[in-house]
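Student: I have a model open and want to learn to read its side-chain features. Where do we start?

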Amino acid sequence: MVENGFARLNGVKHIVWDWNGTLLDDNHANMAALNRVCAEFGRDPVELDFWRTFFRRPLLDCYEELLGRSLAEEEWARLNRVYDDHYTELLPSCGLADGVPDILLDWHAYGGSQSLLSMASHDSVTALVAQRALERHFARVDGRRFDTRDGSKSRHLAAHLAELEVDPATVVLVGDIDDDGRAASEAGAHAILVAAGMMSRERLEATGHPVVDSPRQAVAALCA
């Protein structure tokens, strides 16, 4: 945990939660889907520790480097179908992160508001949140509503905050990859990064944002 980073978080009133790898513990499903892609495209399987050092956005560039070649448009579409189909099969085995939903109630009790923003498709995310009876905790739930070339969360976060009509200076985005930190900075918000998802702690700490081990620690730090 980067203790001195939390000094910058005074005045935070709203949490924007990431979903995959943050509130949803889905690392095993992501890795199984990734290795199904590797098998389909003739690449040896990879381990989570490796992927945490390698994964990045844009996803197309990341996968082309992983596979060692460029991907035609139809190949990229097939890769995404393979990944999504296998991930969806495993979704029922994915639990919520430790402490969820109790920590969402804790933040409400502290007087804060919260919302959810994911880069998974909007319809998929809203359905999953509803299935797990979490929608009542959030002022707004957004998935990916439009595509961008760089695949960053930045524009999505700006649109999310505009719809909420909140001051970005009072917002912290809690996510599990460096793009979450980048998106928060570009929007004028804060970030806390959770080292339990798709990126290594070293890469998260290199962003300069505070890093914690779990969403529970993020809420504890904000309520301290």
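Tutor: Start with aspartate 179. Buried means under 20% relative accessible area, exposed means over 50%, and partly exposed is in between, with a 1.4 Å probe and protein chains only. Aspartate 179 has a relative accessible area of 1%, so this residue is buried. One caution: this is a predicted model, where local features need pLDDT of at least 70 and side-chain atom pairs count only at pLDDT 80 or more, while totals for chains, interfaces and linings use all residues. Residues are numbered from 1 along each chain as its sequence is written, and side-chain values use heavy atoms, with hydrogens and water left out.

Student: Which side chain does aspartate 179 meet in a salt bridge?

Tutor: The general idea is that side chains of opposite charge can pair when their charged atoms come close. The cut-off here: a side-chain nitrogen of Lys or Arg within 4 Å of a carboxyl oxygen of Asp or Glu. Aspartate 179 meets arginine 57, at 3.9 Å from N to O. Aspartate 179 is in helix α8 (residues 178-187) and arginine 57 in the loop between α2 and α3, so the bridge ties together parts 122 residues apart in sequence. Helices are DSSP runs of H or I with at least four residues, strands are runs of E with at least two, and both are numbered from the N terminus. Arginine 57 is partly exposed, at 22% relative accessible area.

Student: How many salt bridges does the structure hold?

Tutor: It holds 13. One of them joins aspartate 142 to arginine 145, with the closest N and O atoms 2.9 Å apart. Aspartate 142 is buried, at 4%. Another joins aspartate 213 to arginine 201, with the closest N and O atoms 2.2 Å apart. Aspartate 213 lies in the loop between β8 (211-212) and α10 (215-223), and arginine 201 in helix α9 (residues 201-205), so this pair ties together parts 12 residues apart in sequence. Aspartate 213 is partly exposed at 42%, and arginine 201 is partly exposed at 22%.

Student: Which residues are linked in a network of salt bridges?

Tutor: Asp18, Lys153 and Asp180.

Student: Now the rings. How many aromatic pairs does a search of the whole structure find?

Tutor: The search finds 7. Rings of Phe, Tyr and Trp (its six-membered ring) pair if their centres lie within 6.5 Å; planes under 30 degrees apart are stacked, over 60 edge-to-face, and the rest tilted. Take tryptophan 51 and phenylalanine 54: the ring centres are 5.9 Å apart and the planes at 25 degrees, so the pair is stacked. Both residues sit in helix α2 (residues 48-54), 3 residues apart, or about one turn of the helix. Tryptophan 51 is buried at 3%, and phenylalanine 54 is buried at 15%. Tyrosine 83 and tyrosine 87 are also stacked, with 6.4 Å between centres and 15 degrees between planes. These two tyrosines are 4 residues apart in helix α4 (residues 73-90), about one helical turn.

Student: Which residues form the aromatic cluster?

Tutor: Phe50, Trp51, Phe54, Phe55, Tyr63 and Trp76 form one cluster.

Student: What does tryptophan 51 touch?

Tutor: Contact means heavy atoms within 4.5 Å. Leaving out residues up to four places away in sequence, tryptophan 51 touches Met31, Leu34, Cys62, Tyr63, Leu66, Met198 and Arg203.

Student: How many residues are in the largest nonpolar core?

Tutor: A nonpolar core is a set of buried Ala, Val, Leu, Ile, Met, Phe, Trp, Tyr and Cys residues joined through side-chain atoms within 4.5 Å. The largest has 67 residues, and Trp51 is among those with the most contacts inside it. Helix α1 (residues 27-40) gives this core its largest share, 6 residues.

Student: What about the backbone?

Tutor: Most residues other than glycine have a negative phi, and most peptide bonds are trans. Check the exceptions. The bond from arginine 57 to proline 58 is cis, with omega near 0 degrees. The bond from valine 100 to proline 101 is also cis, with omega near 10 degrees.

Student: Where does glutamate 165 lie, and is it buried or exposed?

Tutor: Glutamate 165 lies in the loop between α7 (154-164) and β6 (171-175). Its phi is positive, about 60 degrees, although it is not a glycine. Glutamate 165 is exposed, at 73%.
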